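Thanks for asking for a second pair of eyes on this one. Below are a few friendly notes on its inner spaces and its core.

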Amino acid sequence: MSGHDYTLYSYFRSSSSARLRITLNLKSLHYDLIPVNLIRDEHLSDAHRALNPSGSVPLLVCHTAHREDFKIGQSVAAIEYLDEVHPDTPLLPPVSDPEARAAVRTLVQIISSDTQPVTNLRVMRKVRTLGGDAEEWNREFMREGLRAYQTVAQEWAGKYSVGDNITMADACFMPAWWNAQRFGVDLTEFGLLGKVAEALEEHSAVIAAGYGRQPDTPEEMRVK
């Protein structure tokens with residue numbers, strides 16, 4: 001039995017894992033972290049697939065749910081679950097503003113449905129086997145995703161993506177921004193998103209969730 005209410009199976013440089021780490025941190029939830037090395041294909045092992053049939057990370061195990069050791073193997077579903085179970089730090093605008101809530105969910109899907117799935121490790125490996133340039137593939141789709149995100153956010157942004165409170169859109173956006181930086185996307189056209197990212201990177205929950213601060217971060221990549 002875990003010492004905390006949650007266990008997170010995670011990879012340090014998985015953007016989907018990072019969005020869930022940000023969410024857990026924002027809600028001040030303590031969790032045990034179990035690293036799953038994607039480069040070594042640990043996520044494809046029989047042992048991990050027995051926990052998460054998708055063979056992916058993150059996987060959130062909830063030890064105090066009504067169902068014993070309830071498992072959620074998709075990051076957005078896990079974020080929404082945590083927002084419902086721990087509503088004191090809401091990651092959606094109030095129910096009285098359904099349009100803003102829809103805007104947040106739209107931004108979440110731009111990242112989690114349109115952008116991240118076609119730029120992840122599995123797709124990069126397939127692009128390489130077909131003789132393509134996986135890095136340029138990623139840059140192209142990341143640019144498209146950020147353009148769509150910025151276009152929607154222009155109507156709603158305050159300090160953060162939608163207004164002046166952090167939402168689940170920001171939890172999804174920040175790792176996508178990190179990935180764009182990592183792959184060398186020219187970010188000069190994304191002035192609004194740069195300001196949002198700058199504000200987010202000052203938040204302790206985001207700092208603690210960063211790629212360079214995880215237990216499985218290689219020593220040479222760790223934030224000193």
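1. A word on classes before we start: Ala, Val, Leu, Ile, Met, Phe, Trp, Tyr, Cys and Pro count as nonpolar, Asp, Glu, Lys and Arg as charged, and the others, Gly among them, as polar. This is a predicted model, in which local features need pLDDT of at least 70, side-chain atom pairs count only at pLDDT 80 or more, and totals for chains, interfaces and linings use all residues. Residues are numbered from 1 along each chain as its sequence is written, and side-chain values use heavy atoms, with hydrogens and water left out.

2. Let's begin with the cavity. On a 1 Å grid over the protein atoms alone, a cavity is a set of points where a 1.4 Å probe fits but cannot get out, a pocket is an open set with protein on both sides within 12 Å along at least five of seven lines, and lining residues have an atom within 4 Å of a point. Grid points are joined across faces, edges and corners, and a volume is the space filled by probe spheres set on the points. One cavity of 30 Å³ or more is present, and the largest cavity holds about 60 Å³ of space. Its lining has five nonpolar, five polar and one charged residues, including Arg19, Met142 and Asn179.

3. Helices (H or I, at least four residues) and strands (E, at least two) are DSSP runs, numbered from the N terminus. H7 gives four residues, the largest share of the lining of the largest cavity.

4. The largest pocket has a volume of about 860 Å³. Of its 35 lining residues, Leu38, Gln116, Asn120, Leu121 and Arg122 are the closest to its centre. H5 provides the largest share of this lining, five residues. By class, the lining of the largest pocket has 11 nonpolar, 16 polar and eight charged residues.

5. The second largest pocket, at about 200 Å³, has a lining of seven nonpolar, two polar and three charged residues. Phe12, Trp178 and Tyr211 are among them.

6. Which residues touch the most other members of the largest nonpolar core? They are Tyr6, Leu24, Leu60, Tyr149, Phe173 and Trp177, out of 68 residues. H7 supplies the largest share of this core, 10 residues. A nonpolar core is a set of buried (under 20% relative accessible area, 1.4 Å probe, protein chains only) Ala, Val, Leu, Ile, Met, Phe, Trp, Tyr and Cys residues joined through side-chain atoms within 4.5 Å.

Technical notes. Buried means under 20% relative accessible area, exposed over 50%, partly exposed in between (1.4 Å probe, protein chains only).
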